[in-house]
Amino acid sequence: MNFRAVRAIYLFEMARTWRTLLQSIVSPVVSTSLYFVVFGAAIGSRIAEVGGVSYGTFIVPGLVMLSVLTQSIANASFGIYFPKFVGTIYELLSAPVSYFEIVLGYVGAAATKSIILGLIILATAALFVPLHIMHPWWMLTFLVLTAVTFSLFGFIIGIWADGFEKLQMIPMLIVTPLTFLGGSFYSIDMLPPSWRTVSLFNPVVYLISGFRWSFHEIADVSVGLSFGMTLGFLAVCMVAVWWIFKTGYRLKN
Amino acid sequence: MTSIISVANLSKTYGSGFKALNGINLEIKRGEIFALLGPNGAGKTTLISIICGIANLSEGRVTVDGHDINRDYRAARAMIGLVPQELHTDAFESVWATVSFSRGLFGKPKNPAHIEKVLKDLSLWDKKDSKIVTLSGGMKRRVMIAKALSHEPQILFLDEPTAGVDVELRKGMWEVVRALQASGVTIILTTHYIEEAEEMADRIGVINKGEIILIEDKAGLMQKLGKKELKLHLQSKIDAIPDSLAAYNLELSDDGRTVTYDYDTRGERTGITSLLSDLRAAGIRISDLDTSQSSLEDIFVSLVRAS
């Protein structure tokens with residue numbers, strides 16, 4: 001195991017985060033604050049409690065997840081796409097590093113960044129609404145698992161993409177809609193029964209449901225199922241990454 | 001000298017069906033400077049990319065100091081520093097950070113003293129805190145060389161190291177390369193500039209259309225280069241070379257108006273003076289003469305055309 005290489009990649013990626021602090025941390029925090037102002041205060045005050053908690057408090061886990069999902073994908077996809085784009089990937093491919101070490105460095109850094117971001121957003125939320133976390137360890141587990149899984153997913157997108165449009169396409173067209181429809185702002189119990197069934201095919205429902213359970217013990221699906229689905233998606237991403245490196249897909253011609 | 005890189009029956013076919021390399025066999029000797037010459041698209045960069053792990057091979061085997069580049073890639077790659085042809089740099093990193101990153105990536109412990117030495121040798125020390133984006137093209141090229149040297153490789157690949165580099169800087173790079181060779185590093189360089197190969201290399205290989213068409217010691221090639229040709233244009237046509245001139249191995253052109261004499265400029269006597277007086281004795285009068293030298297370039301061009 002080339003730990004020095006993992007460390008070098010990890011620190012290199014984290015340095016990029018600090019260098020671009022404004023885009024990396026400040027802008028997601030500002031946009032999340034806007035959600036709180038609009039949904040939590042302006043609209044939320046006219047909405048009744050959901051599952052025994054105020055609407056503003058109810059949407060906190062969903063908002064954190066929204067940022068963690070999108071930022072994990074954005075960080076990881078950009079992290080690996082950029083060396084491909086500018087050509088510096090040659091060094092990575094010619095270095096004595098295994099694929100596992102490359103993934104560990106890039107995905108580790110992307111996940112670290114979104115976990116930090118998730119915690120910052122949580123802290124921001126505490127300024128707007130009262131916050132109770134009933135199962136802090138489960139909360140952290142879901143946060144870390146989601147960050148890692150979606151960083152892996154972003155890594156795959158970054159390798160697959162051969163242009164900046166494609167880099168944006170999957171997050172914009174698939175992940176954002178799935179997140180909004182995955183119960184970030186509502187409980188799927190509020191939906192008509194047919195739409196509720198459709199929602200169960202949305203993997204993000206399980207992530208948000210599990211995460212919300214760790215806060216309020218309110219869940220759309222059982223927490224075990226949420227946990228299982230999260231691990232399942234993680235496994236799918238790992239297999240995809242393993243295949244990419246085994247075949248050299250879009251990396252080695 | 002033993003081989004440090006051994007390439008056997010290497011072929012590379014791209015997904016498009018294009019065969020970039022075809023049955024390459026090549027031994028690079030430990031400690032030498034090997035120049036790989038070839039026209040654009042000959043397969044130079046593909047060959048380097050495969051040895052360094054950037055491209056997969058289709059057939060054949062490559063070992064680096066006995067380590068198979070696929071099975072034992074860590075040991076093989078740890079020995080190699082690569083300076084690619086294109087200027088691929090992390091624009092917003094500082095010189096120091098990017099060079100230190102390379103050392104870590106290759107699994108070497110931190111060694112600021114070594115990085116400092118590399119940067120000083122390449123005249124980059126005063127730019128160590130500059131962002132790469134602010135550097136000139138020649139400096140970026142040197143940053144890439146510094147990255148390749150950061151992890152103390154025993155083999156250095158330089159793919160067109162002096163393309164687009166001004167004359168003074170080119171001379172500077174040659175000095176760096178010579179100093180590296182003196183410290184025991186094996187160097188493989190590709191180049192378009194024949195002059196560069198002549199100046200630097202111990203051995204020269206010529207590649208064209210994915211095949212190695214010549215590998216020779218530079219000394220051997222220079223031997224060929226030492227040959228000159230003297231063409232004598234005659235005032236009037238002759239039917240045959242007189243017997244009295246047989247010793248000169250003259251060649252008579254078909255129209256009987258030109259004779260050609262080959263000689264070695266580095267020989268003690270070229271024989272030109274006696275040839276001229278013998279011609280005069282034989283009653284042959286000369287209207288004009290010219291001499292020409294076959295350069296490495298001529299050899300190269302004729303090889304590439306013939307293959």
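Modeller: Directly after helix H1 of chain B comes Gly53(B), with a positive phi near 95 degrees. This is a predicted model. H1(B) itself spans residues 44-52 and is mostly covered, with nine of its nine residues buried. Lys44(B), Thr45(B), Thr46(B) and Ser49(B) are buried.

Now the strands of chain B. Strand S4 (residues 59-64) pairs with strand S1 (residues 3-13) through five bridges, and the two run antiparallel. Across that pairing, Ser6(B) stands opposite Thr63(B). S4(B) also joins strand S5 (residues 67-68), again antiparallel, by two bridges. Here Val64(B) faces His67(B). The hairpin of S4(B) and S5(B) has two residues between the strands, and Asp65(B) takes a positive phi near 50 degrees.

Next, the nonpolar core. The largest one has 133 residues. Ala35(B), Ala146(B) and Phe157(B) are among those with the most contacts inside it, as are Tyr106(A), Val107(A) and Phe155(A). Helix H4 of chain A, residues 60-86, gives the most to this core, with 13 residues. Beyond its neighbours within four places in sequence, Ala146(B) contacts Val99(B), Val118(B), Leu119(B), Leu122(B) and Leu124(B).

Last, the side facing the other chain. Here 28 residues of chain B are in contact with 21 residues of chain A. On chain B, helix H2 (73-78), strand S6 (80-83) and helix H3 (95-105) each give two or more residues to that side. By class, the chain B side has 14 nonpolar, eight polar and six charged residues.

Terms used: Residues numbered from 1 in each chain as written. Chains lettered and ligands numbered in written order. Predicted model: local features only at pLDDT ≥ 70, side-chain atom pairs only at ≥ 80, totals over all residues. Contact = placed C-beta atoms within 7 Å. Helix = DSSP H or I, 4+ residues; strand = E, 2+ residues; numbered from the N terminus. Nonpolar A, V, L, I, M, F, W, Y, C, P; charged D, E, K, R; others polar. Buried ≥ 20, exposed ≤ 12 C-beta atoms within 10 Å, placed from the backbone. Core = buried A, V, L, I, M, F, W, Y, C linked by C-beta atoms within 7 Å. Pairing = 2+ DSSP bridges.
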